[in-house]
Amino acid sequence: MSKSMWILVALISVLVIASIYREQSGLDIPDHLNCKESMFEQMFTDQCTPRTGLIKKNN
């Protein structure tokens with residue numbers, strides 16, 4: 001494999017490990033993910049339609 005391919009594999013591996021860690025550690029869902037609107041829309045319209053089905057963990 002070429003050098004750039006190794007870098008790509010390393011970056012993808014780091015992202016996968018970070019995702020698994022975040023899921024297993026029980027971190028709270030960020031506030032901007034609780035809305036149906038995108039973060040861009042939330043910044044300019046100040047609207048938030050709550051999503052259903054997300055489980056918010058209380059510590």
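Biologist: Which helix is L8 found in?
Modeller: L8 sits in helix α1, residues 3-25. This is a predicted model, where local features need pLDDT of at least 70, side-chain atom pairs count only at pLDDT 80 or more, and totals for chains, interfaces and linings use all residues. Residues are numbered from 1 along each chain as its sequence is written, and side-chain values use heavy atoms, with hydrogens and water left out.

Biologist: How many helices and strands are there in the protein?
Modeller: 2 helices and 0 strands. Both kinds are DSSP runs, numbered from the N terminus: H or I for helices, at least four residues, and E for strands, at least two.

Biologist: Why is L8 called partly exposed?
Modeller: Its relative accessibility is 44%. Buried means under 20% relative accessible area and exposed over 50%, with partly exposed in between (1.4 Å probe, protein chains only), so at 44% L8 counts as partly exposed.

Biologist: Which residues make the nonpolar surface patch?
Modeller: M1, M5, W6, L8, V9, I12, V16 and I20, giving about 790 Å². Patch members have over 30% relative accessible area and no salt bridge; nonpolar side chains (Val, Leu, Ile, Met, Phe, Trp, Tyr) are joined within 5 Å, like charges within 9 Å.

Biologist: What makes C35 and C48 a disulfide?
Modeller: The S to S distance is 1.8 Å, and the cut-off for a pair of cysteine sulfur atoms is within 2.5 Å, so the pair passes. The structure holds 1 disulfide. C35 lies in the loop between α1 and α2 (39-45) and C48 in the segment after α2, so the bond ties together parts that are 13 residues apart in sequence.

Biologist: Why is the disulfide of C35 and C48 called left-handed?
Modeller: The torsion about the S-S bond is about -95°, so left-handed it is.

Biologist: Are C35 and C48 buried or partly exposed?
Modeller: One of each: C35 counts as buried at 4% relative accessibility, while C48, at 44%, counts as partly exposed.

Biologist: How do you know that E37 has no salt bridge?
Modeller: The nearest side chain of opposite charge, R51, is 7.8 Å away.

Biologist: What joins the side chains of E37 and T49?
Modeller: A polar contact of 2.6 Å.

Biologist: Why does D46 count as exposed?
Modeller: Its relative accessibility is 69%, so D46 counts as exposed. D46 lies in the segment after α2 and has a positive phi of about 55° although it is not a glycine.

How values were computed: Accessible areas come from the Shrake-Rupley method with a 1.4 Å probe; for residues, only the protein chains shown count as cover. A salt bridge is a side-chain nitrogen of Lys or Arg within 4 Å of a carboxyl oxygen of Asp or Glu. Lys and Arg count as positive and Asp and Glu as negative; His and the chain ends are not counted. A polar contact is a pair of N or O atoms within 3.5 Å; within protein, one must be able to donate a hydrogen and the other to accept it, and residues adjacent in sequence count only if both atoms are side-chain atoms.
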